[in-house]
Amino acid sequence: MKAPVSGADLIARAKAEIEEVQPTEAAAEIESADVTLVDVREQTEFEERHIDGAIHIPRSYLESRFEQFVPDRSRRIILYCASGIRSALAAKTLAEDLGYEDVSSMAGGITLWRDRGLPVVTPRSLTQEQKERYSRHILVPEIGLEGQMKMLDAKVLLLGAGGLGSPSALYLAAAGIGTLGLIDDDVVDASNLQRQVIHNTDRIGVPKTESARLAIEALNPDVDVVEHHGRLDAGNVIELLSDYDVIVDGADNFPTRYLLNDASVRLRKPVVSASILSFDGQLSTFVPYEGPCYRCLYPTPPPPELAPSCGAAGVLGMLPGIMGLLQALEVFKLVTGAGDPLIGRLLLFEALGTEFTELKVKRDPDCPICGPNAPQIADGDLGKFPDYDLFCAG
Amino acid sequence: MAVKVKIPAQLRPATGGEGEIEVEAETVGGALDAVFAKHDGLRERITEDGDLRRFVNVYVSGEDIRFQDGLETAVEDGAEVTILPAVAGG
């Protein structure tokens, strides 16, 4: 059995046996030579601040992970920690046990580095509450911390806080979409409550944007809700859309849908579009110039007498729940870059048969909005048709 | 060719509630004519002067006939013809 040594002696011995570099020397090396800089501190320390370009391998994972990150034993390596102790011990392990040939520990660690006025990066991270709230997202490799941050940074505009807008707003808010804009000019009516689950009986008569904001704020305080109580029109559409990354179309009338399409193509904003009637739902994602637009799919709207609304024709309550959640899913894909959004694909859902059908949607070379020969349109004429007045009522 | 024509919910009042109608036809136009022969009320809902109305799309096995041969598009045995009008409900 070896004679016991004190921790201080062990550290002193390690420091004597390994190479140390001063922070200024390390900075010069990082600047000029081919060197791998490794931060051996714990996760929370690394997240708080670290040296730009450093890879992170906590000392506790040194033996199990180092080879994976640095397979070349002859590579020049500089390790650092907070004060130069953990990195000295780690350097000893790398040199003596793992056979790395050119390892140095940075004396004084990141503390001395900062005292010397050298730069560090302070990466954005989630708060402890956010890490807990979004832990089930962060655990999924396709989302992770990065995907969650993208969602928190995203600004999504919901057109309509009704049947489709209710479920999509609730799930987008729960998922941590950082900014949710809501456009609706209506107030909550008792006949809405069979499907518009973001509202409730106590809020009958309250503007839908306000009612939705109250529900979202109770669900997730991370979400910044922007109320636009009013109607989308040619005079405000460009300004309203400009502030957002993705638009969710749950409008209940054709003029608004065409207006939104024309403006979103102009601004190159993606639109996740769904519509519902009785037992049937339709869904597609329109990314301007990457895929077709709404007018490529439906060049003209039906005349009002052939365009029944949910108010007139009725709709099964669960249907907008399903279609609105599929919209939220599309938003997730657009925001994080995960998966394959429904670009150039139209998904039909028939509720009574529980049947999904996928149809192909192509860009229309004659499209008056996104086609190669589309004419210039004045802002005030967005969403218009030659016979626009014929179907101005939703 | 035996063809299945799928009718969306909003047009089913014109077919007595039927959502799927089996017909014999060689082209999309022929399939629609065969459906109209059974349910004449559907004709004016989706066609005008013998042509499809502009707000009604028709797909054969997932492809829009507008980018094929229109009503002359040939149908294979067992094909599915989907009639799809624009819907604005939200």
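Tutor: A residue is buried under 20% relative accessible area, exposed over 50% and partly exposed in between (1.4 Å probe, protein chains only). A:T354 is exposed, at a relative accessible area of 58%. This is a predicted model, in which local features need pLDDT of at least 70 and side-chain atom pairs count only at pLDDT 80 or more, while totals for chains, interfaces and linings use all residues. Residues are numbered from 1 along each chain as its sequence is written, chains are lettered from A and ligands numbered from 1 in the order in which they are written, and side-chain values use heavy atoms, with hydrogens and water left out.

Student: Where is A:T354 found?

Tutor: A:T354 is found in the loop between β12 and β13 of chain A. Helices (H or I, at least four residues) and strands (E, at least two) are DSSP runs, numbered from the N terminus.

Student: What is the phi of A:T354?

Tutor: Most residues other than glycine have a negative phi. A:T354 is not a glycine, yet has a positive phi of about 45 degrees. A:S278 also has a positive phi without being glycine, with a value near 45 degrees. A:S278 sits in the loop between β10 and β11 of chain A.

Student: Is A:S278 buried or exposed?

Tutor: A:S278 counts as buried because its relative accessibility is 16%.

Student: How does the length of α16(A) agree with its 19 residues?

Tutor: The expected span of a helix is 1.5 Å times one less than its number of residues. For the 19 residues of α16(A) this gives 27 Å, and the end C-alpha atoms are 27 Å apart, so the two agree.

Student: Which residues have the most contacts inside the largest nonpolar core?

Tutor: Such a core is a set of buried Ala, Val, Leu, Ile, Met, Phe, Trp, Tyr and Cys residues joined through side-chain atoms within 4.5 Å. The largest here has 39 residues, and A:L172, A:I177, A:L180, A:I216 and A:V331 have the most contacts inside it. Among the elements of chain A that each supply at least two residues of this core are β6 (155-159), α10 (165-175), β7 (179-184), α11 (208-219) and α16 (318-336). The largest share, seven residues, comes from α16(A). A second, separate core has 26 residues, including B:V3, B:I21, B:F36 and B:A79.

Student: What is A:I216 in contact with?

Tutor: Contact means heavy atoms within 4.5 Å. Leaving aside neighbours within four places in sequence, A:I216 is in contact with A:A169, A:A173, A:L180, A:L182, A:I198, A:V223 and A:V225.

Student: Which residues does A:D224 touch?

Tutor: Not counting residues up to four places away in sequence, A:D224 touches A:G178, A:T179 and A:L180. The place of A:D224 is in strand β8 (residues 224-229) of chain A. A:D224 is partly exposed, at 43% relative accessible area. A:D224 and A:G181 are 43 residues apart in sequence, with their C-alpha atoms 8.3 Å apart in space.

Student: What do the buried residues of α9(A) pack against?

Tutor: They pack against α7 (128-133), α8 (135-138), α10 and α16 of chain A. The buried residues of α9 (residues 144-153) of chain A are A:G144, A:G147, A:Q148, A:M149, A:M151 and A:L152.

Student: How many cavities of 30 Å³ or more are in the whole structure?

Tutor: On a 1 Å grid over the protein atoms alone, a cavity is a set of points where a 1.4 Å probe fits but cannot get out, and a pocket is an open set with protein on both sides within 12 Å along at least five of seven lines; lining residues have an atom within 4 Å of a point. Grid points are joined across faces, edges and corners, and a volume is the space filled by probe spheres set on the points. The search finds three cavities of 30 Å³ or more. The largest cavity holds about 70 Å³ of space. Its lining has 13 residues, and A:S273, A:Q282, A:Y294, A:L297 and A:L346 are the closest to its centre. β11(A) gives the most to this lining, four residues.

Student: What is the volume of the second largest pocket?

Tutor: The volume of that pocket is about 310 Å³. Of the 22 residues lining the second largest pocket, A:D280, A:E350, B:I7, B:P8 and B:R12 lie nearest its centre. Strands β11, β12 and β13 (355-360) of chain A and β7 (80-85) of chain B each supply at least two residues of this lining.
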